[in-house]
Amino acid sequence: FAPAFTGKPLSTGFSKAALSSPTALEMKYTVVLVRHGESTWNDENRFTGWYDCPLSEAGLKEAHEGAKLLKSEGYTFDVAYTSTLQRAIKTLWIILEELHLMYIPIVNTWRLNERHYGALQGLNKQQTVEKHGKEQVQIWRRSYDIPPPPCEESSEYYPGNDPMYADVPKDLLPYTESLKLTEDRFLVEWNEKMVPLIKSGKKVIIAAHGNTLRALVKHLDGISSQEITELNIPTGVPLVYELDENMKPIKQGDAIAPLTGKYLGDLEQVKARIGAVVAQTK
Ligand SMILES: O=C(O)[C@@H](CO)OP(=O)(O)O
């Protein structure tokens, strides 16, 4: 594996003793987040959650574009993290292939899965607006701690009925999730596994989902429960965070507030993709 960290002296001319003091080094870790490209259910405008649909044709293209951006800017990784869902896994595979990194370890964990959308999974988002009203659907989609109605235990959408989750203790498997519940289960992986890995110097890429990445940036950037309701993550665009030794983000020049990480590529196109996520319910 590559050297332990990308820390560099603040300036030249430190004595050996000064260099060994923690304040003499500016530790900096790069972590890249990417939401999967458009999925077939994004395309059909259906609540997806833990449903395991593939990337759409447009989503495959987005993943390749994101991969090319990472390549052209010289990014490389030691370890990849993704969910158990093929839209995120495929996006990651496309990136790793483009970067000639198909040999690096990939960790697949349900803790990075999309937020479980409960009884809404499979429903068309716009038809749900027509039935329940825009305000109610906005609460289900973007409120911080109000989960959508739960799915039934007999439902095909209950993860306990899916062999993919046979090894996960049943009491951890959701019937529905708010963003807060998603954040809670994501942060277990982040704090216990990913942070030590990053601090050990491994360069990590995370290919995940709209709401798990909202949960992560909320945590990293200290975004309030109110402000996070307005934040949307575009599909297929790499989002680069530089973290200090305390895992606090260092604000990037091109960051779109309230994020401090920067999206790669054309910012107008990024904003258009964010707008497309918002426009799924009118
Ligand atoms: O349907 C979903 O699972 C998510 C992500 O596609 O949608 P939303 O942006 O409405 O939370």
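Strands E3 (residues 29-35) and E6 (residues 204-208) pair in the parallel sense over five bridges, where strands are DSSP runs of at least two residues (E), helices are DSSP runs of at least four residues (H or I), and both are numbered from the N terminus. Two strands are taken to pair if DSSP finds at least two bridges between them. The structure is a predicted model, in which local features need pLDDT of at least 70 and side-chain atom pairs count only at pLDDT 80 or more, while totals for chains, interfaces and linings use all residues. Residues are numbered from 1 along each chain as its sequence is written. Within E6, Val204 is the bridge partner of Val31, and Ala207 is the bridge partner of Val34.

Six of the seven residues of E3 are buried, so the strand is largely enclosed by the rest of the structure. Here a residue is buried if 20 or more other C-beta atoms lie within 10 Å of its own, exposed if 12 or fewer do, and partly exposed in between, with C-beta atoms placed from the backbone.

Strand E6 also pairs with strand E4 (residues 79-82), in parallel and through four bridges. Ile205 of E6 is the bridge partner of Ala80, and Ala207 of E6 is that of Thr82. E6 is mostly covered, five of its five residues being buried. Val204, Ile206 and Ala208 point one way from the strand, whereas Ile205 and Ala207 point the other way.

These pairings belong to an open sheet of six strands in the order E5-E4-E6-E3-E7-E8, with mixed pairing. Its edge strands are E5 (106-108) and E8 (262-263), each of which pairs on one side only. In general, the strands of a sheet pair through backbone hydrogen bonds, either parallel or antiparallel.

The protein as a whole contains nine helices and eight strands. Its radius of gyration is 19 Å, close to the 19 Å that the globule rule gives for 282 residues, so the protein is as compact as a globular protein of that length; the radius is taken over C-alpha atoms, and the rule is 2.2 Å times the number of residues to the power 0.38. The C-alpha trace spans about 70 × 40 × 35 Å along its principal axes. Of the 282 residues, 39% count as buried. Among contacts between residues at least 6 apart in sequence, 74% join residues at least 24 apart, a contact being a pair of residues whose C-beta atoms, placed from the backbone, lie within 7 Å.

The loop between helix H7 (179-199) and E6 holds Ser200. This residue is partly exposed, with 13 other C-beta atoms within 10 Å. Ser200 and Tyr29 are 171 residues apart along the chain, yet their C-alpha atoms are separated by 9.8 Å.

In helix H6 (residues 134-142), the buried residues include Val137, Trp140 and Arg141. They cover an arc of only 95 degrees around the axis, which puts them on the same side of H6; the arc is that of the directions from the helix axis to the C-beta atoms. Helix H5 (125-132) is among the elements that cover the buried residues of H6. Lys125 lies in H5 and is buried, with 20 other C-beta atoms within 10 Å. Leaving aside residues up to four places away in sequence, Lys125 touches Asn45, Arg46, Phe47, Gln280 and Thr281. By contrast, the C-alpha atoms of Lys125 and His64, 61 residues apart in sequence, are 27 Å apart in space.

The residues around the ligand are Asn42, Phe47, Thr48, Gly49, Glu114, Tyr117, Arg141, Gly210, Asn211, Val277 and Gln280, a residue being near a molecule or strand if its C-beta atom, placed from the backbone, lies within 6 Å of it. By class, this shell has three nonpolar, six polar and two charged residues. Ala, Val, Leu, Ile, Met, Phe, Trp, Tyr, Cys and Pro count as nonpolar, Asp, Glu, Lys and Arg as charged, and the others, Gly among them, as polar.

Terms used: Contact = placed C-beta atoms within 7 Å.
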